[in-house]
Protein chains: 2
Amino acid sequence: MTQLRNLLKSITDFSESELDVICSCFTTQHIKKNAMVLAAGDICRDFYYVSKGCLRTYFMTMQGDEKTRLLLPGHTIGTALTSFISQKPSVEFMDALEDTELLSITHADFYRLVETMPQFRTFYIRILEMAYSFQNRAIENRVTLTAKQRFELVLESNPALIQTVSNKVLASYLDIRQETLSRLKSK
Amino acid sequence: MTQLRNLLKSITDFSESELDVICSCFTTQHIKKNAMVLAAGDICRDFYYVSKGCLRTYFMTMQGDEKTRLLLPGHTIGTALTSFISQKPSVEFMDALEDTELLSITHADFYRLVETMPQFRTFYIRILEMAYSFQNRAIENRVTLTAKQRFELVLESNPALIQTVSNKVLASYLDIRQETLSRLKSK
């Protein structure tokens, strides 16, 4: 919980008593490696803090290929946000790439905090701004950067991902072929 | 302004006096067809309501092709949101596809309303949720739907776009080839 408190404080200026209230809404879950956290068609009912391990969200193409959209390694927050917001069935899947420890808050508790705690509304605005900007940058990067530049961006911003995530998943995350990724990693 | 008031009310339950305050921050602009509203490298300083005409945002690929991300026909709101949020230089361009009439609010006025008017905070949360979900659905659709299905989605949700937007822009918006679009339109 200390790490979660620190992360929350780094995003919004919460008081200690506000952090107590927020953290009391989170419960711990343990997910085995490769276990599905959310299947397409299910409604995403939780928002996560990943304390250990790694979650990812992905779409399934019409050809049956997995397209990784988001990687959530340790000490990050996130969820299948479109379904979480709308409370309608998810198009994307979510699974654990490693044995993973999560702290999770339900949709009901999350939106109760948004309604009742002004600072949590500010926090939610920041989360949405960050999620939107991340998503738009991902689209930009796929259009305006080379495979090598996209690889180098991850290498700079989150080198641990390069070590821990399989080539198959990382290649689909970067939208490059596995052979290209292997060549870039070997340099 | 009446149309803007109606649009604002359809998103958030504003009082008439709140709508007066909000609308007093908007000023009218006229943009000629094909004029640039925002160049890549510029900071996006305005949020728009398109009263007539059509705005679009697009990225430039490394090969110099335009990739249309967003179309804003009459009676919609939006902007180059990543740059508007961060107040850092935009990667995407914004131009007018037709002679266009805009009502615009500056970043400073917009965030002053977010800070001072609780209902405008609620409005901003809805805008961000909608923008995020739209963006994520666009990624989903490109991965999980056929060209024909993506065309039919626009045909159902916004048939006027099919008539008014050039084949070149619409094809890049749908991420399909112009020949494919011509074939789909002829059916």
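## How the chains meet

On the chain A side, 32 residues are in contact with 32 residues of chain B. Keep in mind that this is a predicted model. Together chain A and chain B bury about 3,000 Å², and 67% of that sits on carbon and sulfur atoms. Three residues stand out here: M62(A), Y132(A) and V143(A) supply 22% of the area chain A buries against chain B, more than any other three residues.

What about polar links across the interface of chain A and chain B? The rule turns up 14 residue pairs in polar contact, both partners at pLDDT 80 or more.

## What chain A brings to the interface

Which elements of chain A each supply at least two residues to the side that touches chain B? The list has two strands, strand 4 (54-60) and strand 5 (66-73), plus helix 3 (81-86), helix 4 (107-116) and helix 5 (118-144). Helix 5 of chain A gives the largest share of that side, with 16 residues.

Sorted by class, the side of chain A that touches chain B comes out as 17 nonpolar, 9 polar and 6 charged residues.

## Rings on rings

Over all chains, the count comes to 24 aromatic pairs. Take Y111(A) and Y124(A): their ring centres are 5.5 Å apart and their planes sit at 80 degrees, which is over the 60-degree cut-off, so the pair is edge-to-face. This pair ties together distant parts of the chain, since Y111(A) is in helix 4 of chain A and Y124(A) is in helix 5 of chain A, 13 residues apart. Are these two tyrosines, Y111(A) and Y124(A), buried or exposed? Both Y111(A) and Y124(A) are buried.

Over in chain B, F110(B) and F120(B) make an edge-to-face aromatic pair, at 5.1 Å centre to centre with 75 degrees between the planes. Here too distant parts of the chain are linked: F110(B) belongs to helix 4 (residues 107-116) of chain B and F120(B) to helix 5 (residues 118-144) of chain B, 10 residues apart. F110(B) and F120(B) are both buried.

Back in chain A, ring pairs join up into a cluster made of F14(A), F47(A), F84(A), F110(A), Y111(A), F120(A), F123(A) and Y124(A).

## A glutamate in a strand

E66(B) is found in strand 5 (residues 66-73) of chain B. Its relative accessible area is 27%, which falls between the 20% and 50% cut-offs, so E66(B) counts as partly exposed. Leaving out residues up to four places away in sequence, E66(B) touches R56(B), Y58(B), F59(B), M60(B), K168(B) and S172(B). With one of these, R56(B), there is a side chain to side chain polar contact at 2.7 Å.

For a sense of spacing, the C-alpha atoms of E66(B) and E92(B) are separated by 9.9 Å, and the two residues are 26 apart along the chain.

R5(B) lies in helix 1 (residues 2-11) of chain B. Why does R5(B) count as buried? Its relative accessible area is 18%, which is under the 20% cut-off, so R5(B) qualifies as buried.

The side chain of R5(B) makes a polar contact with the side chain of E16(B) at 2.9 Å, and another with the side chain of D20(B), also at 2.9 Å. Beyond residues up to four places away in sequence, R5(B) touches E16(B), L19(B), D20(B) and C23(B).

Note on methods
Residues are numbered from 1 along each chain as its sequence is written. Chains are lettered from A and ligands numbered from 1 in the order in which they are written. This is a predicted model: local features need pLDDT of at least 70, side-chain atom pairs count only at pLDDT 80 or more; totals for chains, interfaces and linings use all residues. Side-chain values use heavy atoms; hydrogens and water are left out. Contact means heavy atoms within 4.5 Å. Buried area is the accessible area (1.4 Å probe) that two parts lose on being put together, summed over both. A polar contact is a pair of N or O atoms within 3.5 Å; within protein, one must be able to donate a hydrogen and the other to accept it, and residues adjacent in sequence count only if both atoms are side-chain atoms. Helices (H or I, at least four residues) and strands (E, at least two) are DSSP runs, numbered from the N terminus. Ala, Val, Leu, Ile, Met, Phe, Trp, Tyr, Cys and Pro count as nonpolar, Asp, Glu, Lys and Arg as charged, and the others, Gly among them, as polar. Rings of Phe, Tyr and Trp (its six-membered ring) pair if their centres lie within 6.5 Å; planes under 30 degrees apart count as stacked, over 60 as edge-to-face and the rest as tilted. Buried means under 20% relative accessible area, exposed over 50%, partly exposed in between (1.4 Å probe, protein chains only).
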